[in-house]
Amino acid sequence: MQNTKIIKFLKTLNQYEITQFKDFVNSPAFNKNKNVIKLFDELKKFYPKFKNDDLSEEIIYGKVFPGEKFDYFKLRNATSDLLVLGKEFFSYIKFKKSNIKDLFLLEELRKRNLDNIYEQTYKAAFKQNEEIKVKDEIYMYHKMNLTEELLSFNVIKKPNAIFHFQQDMLDIFIRYSLIRFLKFYDVMLHEGGQNNYKYEMGMFEEVLKYLKNNKIDDNPTLLVYYNIILLMKEKKDKNYYELKSLKTKYINELSARDRYMTWIHMNSYCVSMFNNCSRTDLLREQFELMKENTEDDTRKLGKILYPDFLNEVKIAVRVNEFKWAEDYIVRFSEKLEVEKESTLNFCYGYISYKKGDLDEALKLFSKTYFTLFIIKVQVKILQLQICFEKEYFDQAVSLIDSFRHYLKREVTIKEIFRMSFYEFLRLTNELIRLRTNYYGSDNDFYKEKLKNEISNLKNNQFGIKLWLKEKLNVESR
């Protein structure tokens with residue numbers, strides 16, 4: 001019974017929720033089936049692990065239906081009824097936390113002509129919404145609905161004093177829509193840049209023009225997302241530092257998700273400058289930014305995606321913050337949901353590589369089995385770099401050949417990156433030839449030629465250009 005839907009459902013409940021669910025199941029308003037109550041009481045005895053030999057269908061049936069012959073279908077019906085209650089419970093707790101219940105209540109009060117209670121309830125709901133510090137689209141949406149509800153209340157009672165409501169609703173709706181537009185554009189621009197996908201971003205230029213020509217500095221969420229779009233669009237340091245200033249200024253007026261998205265884009269800018277311009281002056285800035293984000297506890301948003309996890313370790317290691325990186329792994333590894341083993345092997349392998357323990361790094365990288373192509377590419381690059389530095393040249397040449405075949409097969413790699421990786425492989429092969437004196441007396445000529453070709457490499461994705469420069473400088477000494 002341990003893998004049934006009802007057990008999986010009960011496992012998701014925390015201590016407070018399991019107690020609430022007990023009250024819910026026992027409430028005659030929601031459930032009058034005594035067998036379902038008994039079933040819950042028996043199952044609750046195994047909370048929270050639900051791992052026990054007594055958790056079998058036959059034993060549970062005997063507790064719920066004492067003295068009766070085991071009937072699988074009767075037990076299944078009872079567990080099905082309990083699961084239905086569980087779904088209703090989820091809806092109930094979500095409803096209790098939401099502000100939509102205010103609107104439902106106001107509508108009922110209005111329809112029943114309970115005017116005094118309506119007015120008191122409206123004032124309380126309006127005040128509660130206005131006291132919210134985060135004036136995001138959720139706040140705007142509720143404010144718009146409250147305004148529309150008040151219009152419905154006054155349309156008969158005060159028909160000559162309602163004209164301003166339409167203007168109020170339009171103004172609120174415009175603000176709500178602008179935030180939603182920017183959040184759509186945010187994801188589309190980010191994903192379009194990361195993956196080989198083209199979005200149709202309707203009204204993009206019109207929305208930006210409107211924002212440029214209208215006052216928006218009274219809404220931190222709108223202001224921050226407008227500057228996020230400008231950062232992605234213009235890609236200038238002034239945009240980065242403006243966004244950083246806004247994040248600092250409005251840190252308590254942004255939701256946890258919006259603070260996280262702000263960090264994502266500031267971090268992406270630092271990554272872009274490193275990858276596309278070979279800039280290292282923002283590496284420390286990037287680490288401090290990531291460190292602040294971690295301490296801000298945006299991890300409460302849920303599980304950590306493994307690409308984010310390993311990238312944050314890399315950010316720390318690039319500025320030699322090894323202790324911080326190792327502590328990060330210990331603190332947050334339990335939040336990894338998928339590919340955990342490969343992620344930890346990658347992270348410890350990267351730390352070993354940067355500390356100079358190449359053998360350990362090579363061993364750990366060989367134990368990674370990622371499904372995401374962009375992480376696979378990073379592993380292949382690191383393995384090749386280590387083999388070169390260990391002077392395992394035969395193995396390095398073999399890796400170059402297999403890497404080329406992989407790039408040819410992987411259709412999701414953007415063409416600009418594919419060509420840069422091909423060029424990296426060619427230039428690494430040239431480094432091997434120089435190191436093995438392949439060109440003999442012409443080595444100096446080919447060193448100079450290679451120097452120019454490395455300088456012309458279009459990007460520094462995963463540090464490939466800087467690594468090639470570093471290794472060529474070693475050759476030139």
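**Aromatic rings in the model**

Modeller: Tyr328 and Phe332 are both part of helix α16 (residues 322-332), where four residues, about one turn of the helix, separate them. Helices (H or I, at least four residues) and strands (E, at least two) are DSSP runs, numbered from the N terminus. The model is predicted, so local features need pLDDT of at least 70 and side-chain atom pairs count only at pLDDT 80 or more, whereas totals for chains, interfaces and linings use all residues. Residues are numbered from 1 along each chain as its sequence is written, and side-chain values use heavy atoms, with hydrogens and water left out.

As for confidence, pLDDT is the predictor's confidence in each residue, from 0 to 100. Its average over the protein chain is 93, and 98% of the residues score at least 70. Among the elements, α18 has the highest mean pLDDT (98), and helix α23 (residues 464-476) the lowest (87).

Rings of Phe, Tyr and Trp (its six-membered ring) pair if their centres lie within 6.5 Å; planes under 30 degrees apart count as stacked, over 60 as edge-to-face and the rest as tilted. Buried means under 20% relative accessible area, exposed over 50%, and partly exposed in between (1.4 Å probe, protein chains only). Tyr306 is buried at 9% relative accessibility, and Phe370 is buried at 5%.

The pair of Tyr328 and Phe332 is tilted, with 5.1 Å centre to centre and 55 degrees between the planes. Tyr328 is buried, its relative accessible area being 1%; Phe332 is also buried, at 7%.

Elsewhere, ring pairs link Phe9, Phe21, Phe24, Phe30, Phe40, Phe89, Phe90 and Tyr92 into a cluster.

Charges also meet rings. A charge sits over a ring if NZ of Lys or CZ of Arg is within 6 Å of the ring centre and within 35 degrees of the ring normal. The charged end of Lys380 is placed over the ring of Tyr406, 5.0 Å from its centre, while Arg433 lies over the face of Tyr438, 4.6 Å from the ring centre.
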